[in-house]
There are 2 protein chains.
Amino acid sequence: MNNPQELSVKMVLDVWNTQLNRATALVENLTEEQLQKEVAPGRNTGVYLTGHLIAVHDAMLPLLNMGDKLFPELEDTFIKHPDKSGLEKPSLKLLKQYWKELDTKLATNFGKLSAEEWFQKHNSVSAEDFVKEPHRNKLNIIITRTNHLTYHLGQLNLLK
Amino acid sequence: MNNPQELSVKMVLDVWNTQLNRATALVENLTEEQLQKEVAPGRNTGVYLTGHLIAVHDAMLPLLNMGDKLFPELEDTFIKHPDKSGLEKPSLKLLKQYWKELDTKLATNFGKLSAEEWFQKHNSVSAEDFVKEPHRNKLNIIITRTNHLTYHLGQLNLLK
């Protein structure tokens with residue numbers, strides 16, 4: 001594997017997998033009491049960030065043309081509204097179950113794409129715009145979502 | 001620009017620049033009082049994380065074959081030792097100056113590399129190993145350092 005296309009896909013997916021595995025282990029290992037706490041005084045709780053990450057990762061499915069969201073109802077609570085919105089949140093047990101289910105779904109679908117397909121357009125860019133902006137491809141979604149995940153991982157780690 | 005090599009370099013450098021600009025703006029805009037605070041109770045201070053990021057980014061220079069570190073003395077205080085080591089830290093004013101100087105140096109050097117050169121080996125992998133592991137290239141350093149930066153940016157943002 002020496003061509004830049006395959007190498008780039010490997011590099012990007014490696015970091016995605018590393019960060020996702022770290023986040024999964026953290027969410028698994030923190031106690032319910034730890035996850036109910038705010039990462040810093042007055043900021044988001046671990047539970048909110050867990051739900052937020054699930055909702056953001058779930059939205060990658062339609063964006064990458066991998067089917068519908070598994071948990072569309074999470075968007076309202078964990079993306080459109082802040083932590084202290086008063087909206088009811090799923091139990092932590094349920095969120096952990098969602099997390100695992102989504103991980104499996106994403107990994108299965110990611111594994112099916114060829115390097116060439118990763119460089120094809122994602123679903124929030126038009127064919128016309130993609131001609132002018134070919135960097136708006138599926139792989140770019142993984143790069144930006146990895147950084148989003150890492151950003152919140154830095155915060156979740158403060159709960160330890 | 002349609003070849004995967006150039007596209008990958010653009011995608012990776014775009015995210016690096018975005019995150020670095022966010023971090024730069026944050027460090028510039030936080031007051032000295034805010035930066036002296038811990039990001040969460042008992043955790044690293046903003047000043048320590050600022051120094052840590054400078055030290056880690058500075059180490060990219062030799063790693064990417066772009067010359068010696070500008071501030072080698074920072075490694076001991078901000079990488080080898082934790083925040084509360086008792087070691088004397090440079091003033092915040094000086095750290096902000098280092099940050100800018102390093103930003104300019106990195107940007108200048110990054111701008112000189114062709115897409116092809118980004119896929120060449122970095123300096124902590126041997127030529128022999130690089131044949132077997134061609135993903136250990138210069139661009140990969142940017143991917144991992146961007147995530148490192150983003151991780152701590154998530155924490156620094158808690159100081160706002």
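Here is a short briefing on the structure above. It is a predicted model, in which local features need pLDDT of at least 70, side-chain atom pairs count only at pLDDT 80 or more, and totals for chains, interfaces and linings use all residues. Residues are numbered from 1 along each chain as its sequence is written, chains are lettered from A in the order in which they are written, and side-chain values use heavy atoms, with hydrogens and water left out.

**How the copies pair**

**Helix α1 of chain A**
- This helix (a DSSP run of H or I, at least four residues) covers residues 4-29 and reaches 37 Å from first to last C-alpha, close to the 38 Å expected at 1.5 Å a residue (1.5 Å times one less than its number of residues).
- At its start, a side-chain oxygen of A:Asn3 comes to within 2.9 Å of the backbone nitrogen of A:Gln5.

**Around B:Val125**
- B:Val125 sits in the loop between α7 (115-118) and α8 (127-132) of chain B.
- B:Val125 is buried, at a relative accessible area of 3% (buried means under 20%, with a 1.4 Å probe and protein chains only).
- Beyond neighbours within four places in sequence, B:Val125 is in contact with B:Phe130 and B:Arg136 (heavy atoms within 4.5 Å).

Note on methods: Helices (H or I, at least four residues) and strands (E, at least two) are DSSP runs, numbered from the N terminus. A polar contact is a pair of N or O atoms within 3.5 Å; within protein, one must be able to donate a hydrogen and the other to accept it, and residues adjacent in sequence count only if both atoms are side-chain atoms. Buried means under 20% relative accessible area, exposed over 50%, partly exposed in between (1.4 Å probe, protein chains only).
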